[in-house]
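Biologist: I am new to this structure and would like to go through it with you, one question at a time. Could you show it to me before we start?

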Amino acid sequence: MSALLEVSGVSVTFDGFRAINNLSFSIGAAELRAIIGPNGAGKTTFMDIVTGKTRPDTGTVRFGERPISLLALSEAQIARAGVGRKFQRPTVFEDQSVADNLTMALKAARGPFKVLFWKETAADRARVAALAAEVGLADQLTRKSGELSHGQKQWLEIGMLLAQEPRLLLVDEPAAGMTLAEREHTTALLVEMAKTRAVVVVEHDMEFVRRLNCKVTVLHEGAVLAEGSLDHVTKNPQVIEVYLGR
Ligand SMILES: Nc1ncnc2c1ncn2[C@@H]1O[C@H](COP(=O)(O)OP(=O)(O)OP(=O)(O)O)[C@@H](O)[C@H]1O
Ligand SMILES: [Mg+2]
């Protein structure tokens with residue numbers, strides 16, 4: 001499988017502290033990957049680097065079938081190139097309906113010029129309905145977003161990200177604050193999304209990671225400590241020592 005994202009020899013130092021240390025790994029085009037590791041391992045910083053929020057001191061980050069360097073691009077350009085990121089705190093407009101939030105995301109995905117001359121078509125409404133269905137909110141379209149549960153808001157935000165049609169979606173700790181039923185729905189959602197795009201999930205909840213049933217990368221001190229199935233990495237004595245044995 002050829003890589004969609006390839007991180008190679010990346011290091012980042014914050015005030016003399018090396019948060020990412022010669023990090024190298026790659027993600028396939030339609031792959032679901034979990035990243036685990038202790039607090040401060042560099043998981044969020046990895047996402048900051050891929051999305052252009054943090055610039056590495058050394059190394060390369062290449063993305064796409066005909067790879068381009070993400071390090072030369074701005075955050076907005078990286079997003080347009082097909083990298084979406086889900087933040088922990090939902091950024092939905094609470095006063096607007098689910099449909100309105102998805103419509104706004106659809107507009108934004110088309111760029112500023114299109115927003116100016118936007119006229120909603122039947123195709124747009126169908127796309128909004130399809131996005132809602134994809135994240136399990138088909139019956140919530142007219143609902144005010146502020147009335148949604150925590151989990152539903154997270155799914156709405158994922159739907160808004162899907163409007164941009166990202167080829168790589170980065171999701172940091174999606175299970176936090178969710179009920180068991182919401183976590184299970186989120187697992188199913190991520191598994192489904194990863195059938196047509198790459199999805200990278202950072203998560204501490206091991207039951208959640210187990211249900212993802214995918215390859216796991218263990219980060220420690222800014223580098224890959226172990227990689228493979230969850231069963232494989234959780235048997236690794238070093239992984240047990242630095243992470244699981246806490
Ligand atoms: N902008 C920054 N300035 C200074 N230090 C930073 C910055 N971003 C991250 N760090 C440091 O880099 C290290 C890695 O942090 P990071 O947030 O990537 O860890 P993490 O693996 O996401 O941890 P957690 O599981 O707690 O979310 C930490 O020691 C953190 O304090
Ligand atoms: Mg983090």
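Biologist: Where is the place of N22?

Modeller: This is a predicted model, in which local features need pLDDT of at least 70, side-chain atom pairs count only at pLDDT 80 or more, and totals for chains, interfaces and linings use all residues. Residues are numbered from 1 along each chain as its sequence is written, chains are lettered from A and ligands numbered from 1 in the order in which they are written, and side-chain values use heavy atoms, with hydrogens and water left out. Helices (H or I, at least four residues) and strands (E, at least two) are DSSP runs, numbered from the N terminus. With that numbering, N22 has its place in strand 2 (residues 17-28).

Biologist: What is the phi of N22?

Modeller: Most residues other than glycine have a negative phi. N22 is not a glycine, and yet its phi is positive, at about 55°.

Biologist: In which loop is E165, and what is its phi?

Modeller: E165 has its place in the loop between helix 6 and strand 7 (168-172). Although E165 is not a glycine, its phi is positive, at about 50°.

Biologist: How are helix 6 and helix 7 oriented to each other?

Modeller: The axes (lines fitted to C-alpha atoms, for helices over the stretch in contact, with angles from 0 to 180 degrees between N-to-C directions) of helix 6 (residues 150-162) and helix 7 (residues 180-193) come within 10 Å and cross at roughly 15°. Angles under 35 degrees count as roughly parallel, over 145 as roughly antiparallel, 65 to 115 as roughly perpendicular and the rest as oblique. Helix 6 and helix 7 are therefore roughly parallel.

Biologist: How much space lies in the largest pocket?

Modeller: On a 1 Å grid over the protein atoms alone, where a 1.4 Å probe is used, a pocket is an open set of points with protein on both sides within 12 Å along at least five of seven lines, and lining residues have an atom within 4 Å of a point. A volume is the space filled by probe spheres set on the points, which are joined across faces, edges and corners. For the largest pocket this space is about 800 Å³.

Biologist: Which of its lining residues are the closest to the centre of the largest pocket?

Modeller: The largest pocket is lined by 29 residues, and helix 2 (75-81), strand 6 (83-86), helix 3 (98-109) and helix 6 each give two or more of them. The closest to its centre are A79, V83, A108, L161 and Q164.
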